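Please read the briefing below alongside the sequence and the 3D structure. It is arranged by topic.

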Amino acid sequence: MIRQTVLRTSFLALALLLAACSSGPQPQPQTFQEPVFTTERIVPEGFEPASGVYDPWEGMNRRIYNFNYHFDQWVFLPVVRGYKTVMPQFARTGVHNFFNNFRDLRTMVNSILQLAPAKFFQSTGRVLVNSTVGVLGLVDVATKLDFPRPQEDFGQTLGHWGVGQGPYLVIPFMGPSNLRDGFGLLPDYYVQSLVREEVFSDSLQIPVMLLDSVDTRANVPFRYYETGSAFEYQMVRWLYSTKRKLDVAK
Amino acid sequence: MACWCGWLLSTAAFATVENYGYPITDRFVATVVGTPVEYEADLPKSIPFKKRRIDIFPDRTLPDVLWYGHELIYSEALQKHKAPLIFLIAGTGAAHNGGKNTNMARAFYQAGFHVVSISSPTYPNFVTAASKTGVVGHAEKDAQDLYRVMEMIWARLDEKIDVSGFNVTGYSLGGFNAAFVSKLDEERKVFNFERVLLINPPVSIYNSISLLDRMIENIPGGPDNFEKFFKELVEGFSKIYKEQDDAIGGDFLYKAYKAMDLQDEQFAALIGTSFRLSSGSLVFASDVVSDFGYVKPKGLVLDRYADLTEYQILVHRLGFTDYYHEFFYPYYREEYPDKSRDEFISAISLTKIADYLRNSEKIMVMHNADDIILEPGEIDFFRDVFGDRATIYPHGGHCGNMNYKDNVAHMVNTFTGGGAR
């Protein structure tokens, strides 16, 4: 039920954005004076930039990127600010640890799928210690004991078995991703919701999900458009795709 | 008495320089890697360093492609009691909250200063929000832009905080800017700066950017092999990243350097590349704001969803020297009809205000003898003009030692009463 609501909202947002795309202004045929430097004269033919990322849906992605900025500005960040005002630091740390414990669970599952015993035992050790000694994950005892913290998700699992990133994709409300990782969110989400439904009563499902997103946003320092560079979209795209390549290799 | 203290302290400073403990002696490595964590100054991890926005030109309309650049973003960390205020100016292409400014803010906040941190005039957000022309890199005009920003921020703070005096510092191009801001303050007298510290400034901007531009030629096989070089570098990093247990931490670059066995040429290429990436964003912003027609056709209006990949590739193939010759000079030519291109460009230099710097006791310099942005011999300009007021460390590259504990102490002491008076 909740899953359906989330999916429905996402698809609605996507549909709206797609509609906005198709009605965008058409470039007017107009002649301009040639600038001092032009691609024809400076860039060799057939040049492929290293910073290039396969992005056939760029028009839509840029609109979602812009949408995410506005969502951040008017909804997400004000909520995060409120959260930081209302909740003292120790409580926020507790919340963060709690959700990280869930994320370690995700690593456990994906380590099995990747047949990676070391990561499996590391993450299992973390979950066991933190869920018990760490009072249901509220205290991150494992990190204090210098347990390594591998991080694996289903996107990485697909990558591990040779699935490429596919087209770059900016996901509404969430941010940079690609087709593979975007798809990977679904199984991860499914597993997590099974555990969540086990742990929390029905009435708490939505509040816990919301708290999870607020905690996630509160711990990501990135702010849209703050680099001021007109090339920010491309830079974020390249950084994301490179980071994910490294994550899969790790 | 003050004289006597000054003599003692400056002797002490020389002694420190002689037994200098900053560990990296290779100038290129120092520039890229910075200060290994164990050698860093002990500074508070978290200070109330808050982001603020200010509308410098309320009537300015920006082209849609830069729609988000209307307000200038800066940071401040304010004391609750009466205290001196220090303005920090970031280096080329760097933001108010970049690593170096943040670290300086921690040091000065801990030492009891109100801190106001401003992006470099070459940071795209400054270009769009606070540069009067949008065409930056002009010594006096950048200083005027910075001064306007400082005045407007001060107008906001005046009611909020109790200030006992004003100071300014900056590193790299920010140090260069600080010198011209100080000069302007002698006429405008809004702040009457008590002390000014220039950290690793260039002498001549054009000489320094020429050096940085040429570094990209160190890429094995030349700039056209940029892609291959870049991929190899990322692969090298990935190997180290893979072996690390934790995520990318403070010492990642240092570990990477130790593990990868990179040569000086590769470091130089890396520096040149990073310089080109930041200058590319700047040049494009300038072109859009001024509608000059440098890479974007004059008159063409780009919207916020425009695909800019082509422009990005183009500006990354151009040097900052190209900007000075083909954009900056033609843009300002009419204002200086009696100057040739070379005269005009070479005038963007500290030598232009050497007399002021020579006679202004409040201005100090902290520099490195092996700084990579100086032409051979240029370091002597500081020894000659500033005399005792210049401290030249034997190594540290370009700003590589800024977080080193002795250097941080030196920075702070300069403003808290230490240093030659």
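The points below cover the fold of one chain, its contact with a second chain, and one residue of that second chain.

This is a predicted model, in which local features need pLDDT of at least 70 and side-chain atom pairs count only at pLDDT 80 or more, while totals for chains, interfaces and linings use all residues. Residues are numbered from 1 along each chain as its sequence is written, and chains are lettered from A and ligands numbered from 1 in the order in which they are written.

**Fold of chain A**
- Chain A has 10 helices and 2 strands, where helices (H or I, at least four residues) and strands (E, at least two) are DSSP runs numbered from the N terminus.
- Along the sequence, the elements of chain A follow the order α-α-α-α-α-α-α-β-β-α-α-α.
- Of the 250 residues in chain A, 28% are buried, that is, have 20 or more other C-beta atoms within 10 Å of their own, with C-beta atoms placed from the backbone.
- Among contacts in chain A (C-beta atoms, placed from the backbone, within 7 Å) with a separation of 6 or more, 69% join residues 24 or more positions apart.

**Contact between chains A and B**
- Chain A contributes 30 residues to the contact and chain B contributes 43 residues.
- On the side of chain A that touches chain B, α2 (39-42), α3 (58-86) and α10 (232-249) each supply at least two residues, and the largest share, 5 residues, comes from α3(A).

**Arg148(B)**
- Arg148(B) lies in helix α5 (residues 139-157) of chain B, and its C-alpha atom is separated by 8.2 Å from that of Ile56(B), 92 residues apart along the chain.
- Arg148(B) is partly exposed because 15 other C-beta atoms lie within 10 Å, a count between the limits for exposed (12 or fewer) and buried (20 or more).

Conventions: Contact = placed C-beta atoms within 7 Å.
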